[in-house]
Amino acid sequence: VQMIVTDDGLQHYRLARDVEIVVIDGERRFGNGWWLPAGPMRERAGRLKSVDATIVNGGVAQPGEIPMRLEPGLAVNLRTGERRDVSQLSNIVAMAGIGHPPRFFATLNSLGVTPAQCVAFPDHQSYSPEQLSALIKPGQSLLMTEKDAVKCFAFSATDWWYLPVSAAIPAKSADLILDKVISHIKNA
């Protein structure tokens, strides 16, 4: 193994690391500045001085930060893998169990989709087929994030969809990060 990529690895200090990248919510940034559970922070903001790159998802990047935006793709059916423009789905109930569910709902609105209902769950929520089936009525489609879909494939219904997103950052910034990672692999 030449490389291990982790998510939320910052708070695991015993885990050795060669390259650290932090992603910040550009809209909420550091919230009230308090640590979990009173606020959104897992670390002090000063910790950012020791990382290799700070990427800002949405909002406005500050000097030294790399801007990023999430670009939605085509909706994907959990059962069949069929892909379709999200605007072609009818009578949608949207659900999200991510760090900030309103971001997902705002993405749908930006695509011209107005769900019949938006249901927010806590981040890392576990789901049951009964729980999610109860969200929709006959003739409705359940639309979720890709993060949520991963937990639902085994018991999905035919009218369940997810909306994948891709991270877009400036090519020059992406190349700099990739070069740093590759140099560590070559020197390992």
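Student: Quick one on C152: buried or exposed?
Tutor: C152 is buried, at 0% relative accessibility. Buried means under 20% relative accessible area, exposed means over 50%, and partly exposed is in between, with a 1.4 Å probe and protein chains only.

Student: What kind of model is this?
Tutor: This is a predicted model: local features need pLDDT of at least 70, side-chain atom pairs count only at pLDDT 80 or more, and totals for chains, interfaces and linings use all residues. Residues are numbered from 1 along each chain as its sequence is written, and side-chain values use heavy atoms, with hydrogens and water left out.

Student: Back to cysteines. How many disulfides are there?
Tutor: The count is 0 disulfides, where a disulfide is a pair of cysteine sulfur atoms within 2.5 Å. C118 is in none, and its nearest cysteine sulfur, that of C152, is 17 Å away.

Student: Now the aromatics. How many pairs?
Tutor: There are 4 aromatic pairs. The rule takes rings of Phe, Tyr and Trp (its six-membered ring) with centres within 6.5 Å; planes under 30 degrees apart are stacked, over 60 edge-to-face, and the rest tilted.

Student: What about F153 and Y162?
Tutor: Their ring centres are 6.0 Å apart and the planes sit at 85 degrees, so the pair is edge-to-face. F153 is partly exposed at 39%. Y162 is buried at 10%.

Student: And how are F155 and W160 arranged?
Tutor: That pair is edge-to-face, with 6.1 Å centre to centre and 90 degrees between the planes. W160 is buried, with a relative accessible area of 1%. F155 is partly exposed at 23%.

Student: Switching to α1. Which of its residues are buried?
Tutor: In α1 (residues 101-110) they are P101, F104, F105, T107 and L108. Helices (H or I, at least four residues) and strands (E, at least two) are DSSP runs, numbered from the N terminus.

Student: Where do they sit around the axis?
Tutor: They cover an arc of only 150 degrees, which puts them on the same side of α1. The arc is taken from the directions from the helix axis to the C-beta atoms. An α-helix has 3.6 residues a turn, so residues three or four places apart point the same way.

Student: What covers them?
Tutor: The cover includes β3, β6, β7, β8 (141-145) and β9 (160-163). Contact here means heavy atoms within 4.5 Å.

Student: What follows α1?
Tutor: G112, with a positive phi near 80 degrees.

Student: Which residues other than glycine have a positive phi?
Tutor: N91 has one, near 50 degrees, and H124 has one of about 65 degrees. N91 is in the loop between β5 (83-84) and β6 (92-96), and is partly exposed at 41%. H124 lies in the loop between β7 (117-120) and α2 (129-133). Most residues other than glycine have a negative phi.

Student: Last topic: what is the strand order in the 4-strand sheet?
Tutor: It is an open sheet, β1-β2-β3-β10, with mixed pairing. The edge strands, β1 (21-25) and β10 (165-168), each pair on one side only. Strands pair if DSSP finds at least two bridges between them.

Student: How many bridges join β3 to β10?
Tutor: 4 bridges, and the two strands run antiparallel. R69 stands opposite A168 in β10.
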